[in-house]
Amino acid sequence: MAHIAVVYHSGYGHTQRLAQAVAEGAGAELIAIDPDGNLPEGGWETLAGASAIIFGTPTYMAGPSWQFKKFADASSKAWFGQAWKDKLFAGFTNSASTNGDKQVTLDYLYHLAMQHGGLWVGNGMMPANSKAATRNDVNWIGSFSGAMSQSPSDASAAEMAPGDLETGRQFGERVAVAAKRWAR
């Protein structure tokens, strides 16, 4: 069975809730990046042993949080030794605006994975883009390269759209299926 790790930063709890949904779907271990941009003890070792790594960060000012960026920069040690080469990677993000330039953040996560010699897993979901679609449908935002969620700036993490959390859960399942297939 593939070992999957979800490494994420969350500023206000919304990205953490999405990380939990993704981890639930993937059967993954959560690794929270702290407010200072550091991993918990054993975090680097967990990532080294994972067959798939799922990145998560809020989108702030058209990119990942500085805490996630600090983690990404620190991953250069793994990059130098090609420690993450041929692992599967995926990513997710949350922002207050419906668009919020979340695609830029997913592109950043994709390029980070490519720097490490990894293989990217998109979400594989059709968008909810018909007239009958509602805000609580799966993949309502219509992302293909990873999971996206939107949380109004005045909403608590407990008020996240159920469809966004279900999108995260299904996205995690997809990564788990891909990891199982890749492990053969």
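At 83% relative accessibility, Met61 counts as exposed, and this residue makes a friendly place to begin a walk through the model, which is a predicted one. Met61 is found in the loop between strand 3 and strand 4, the latter covering residues 63–64. Its backbone deserves a look too: phi is positive at Met61, about 50°, although the residue is not a glycine.

What do Tyr12, Tyr60 and Met61 make together? These three residues form a nonpolar surface patch of about 450 Å².

Is Asn139 buried or exposed? With a relative accessible area of 3%, Asn139 is buried, whereas Met61 is exposed. Asn139 lies in the loop between strand 6 and strand 7.

That loop also holds Val121, between strand 6 (119–120) and strand 7 (147–150). Val121 has 7% relative accessibility, so it counts as buried. Which residues does Val121 touch, not counting those up to four places away in sequence? The list runs through Leu88, Phe89 and Ala90, then Ser145, and then Phe171, Arg174, Val175 and Ala178. Of these, Phe171, Arg174, Val175 and Ala178 are contacts that fall within the residue range of helix 6, 162–182. There is a distance to note here as well: the C-alpha atoms of Val121 and Gly91 are 8.3 Å apart, while the two residues are 30 apart in sequence.

Side chains of opposite charge can pair when their charged atoms come close. Asp164 and Arg135 do this through a salt bridge, with 2.7 Å from N to O. Asp164 sits in helix 6 and Arg135 in the loop between strand 6 and strand 7, so their pairing ties together parts that are 29 residues apart in sequence. How exposed are the two partners? Asp164 is buried, with a relative accessible area of 1%, whereas Arg135, at 24% relative accessibility, counts as partly exposed.

Arg169 pairs with Glu166, their side chains meeting at 2.5 Å, N to O. These two are three residues apart in helix 6, so about one helical turn separates them. Arg169 also forms a salt bridge with Glu173, where the closest N and O atoms are 2.3 Å apart. Here the spacing is four residues in helix 6, so the separation is again about one helical turn. Through these shared partners, the salt bridges join Glu166, Arg169 and Glu173 into one network. As for accessibility, Arg169 is partly exposed at 22%, Glu166 is partly exposed at 25% and Glu173 is partly exposed at 34%.

Now turn to a pair of helices. How do helix 3 and helix 5 pack? Helix 3 (residues 66–74) and helix 5 (residues 102–115) meet at an angle of about 10°, with their axes 11 Å apart. The two helices are therefore roughly parallel to each other, because angles under 35 degrees count that way. At the contact, helix 3 brings Phe68, Lys69 and Ala72, and helix 5 brings Tyr108, Leu109 and Leu112.

The last stop is helix 2, residues 43–49, where Thr46 is found. Thr46 has 16% relative accessibility and so counts as buried, since the cut-off for that class is under 20%. Leaving aside neighbours within four places in sequence, Thr46 is in contact with His3, Ala5, Glu29 and Ile31.

Methods
Residues numbered from 1 in each chain as written. Predicted model: local features only at pLDDT ≥ 70, side-chain atom pairs only at ≥ 80, totals over all residues. Heavy atoms only, no water. Patch = residues over 30% accessible without salt bridge, like charges linked within 9 Å, V, L, I, M, F, W, Y side chains within 5 Å. Areas by Shrake-Rupley, 256 points an atom, 1.4 Å probe, with all protein chains shown as cover. Salt bridge = Lys/Arg side-chain N within 4 Å of Asp/Glu carboxyl O. Axes fitted to C-alpha atoms, helices over the stretch in contact; angles between N-to-C directions. Parallel < 35°, antiparallel > 145°, perpendicular 65-115°, else oblique. Contact = heavy atoms within 4.5 Å. Buried < 20%, exposed > 50% of the residue type's maximum accessible area, 1.4 Å probe, protein only.
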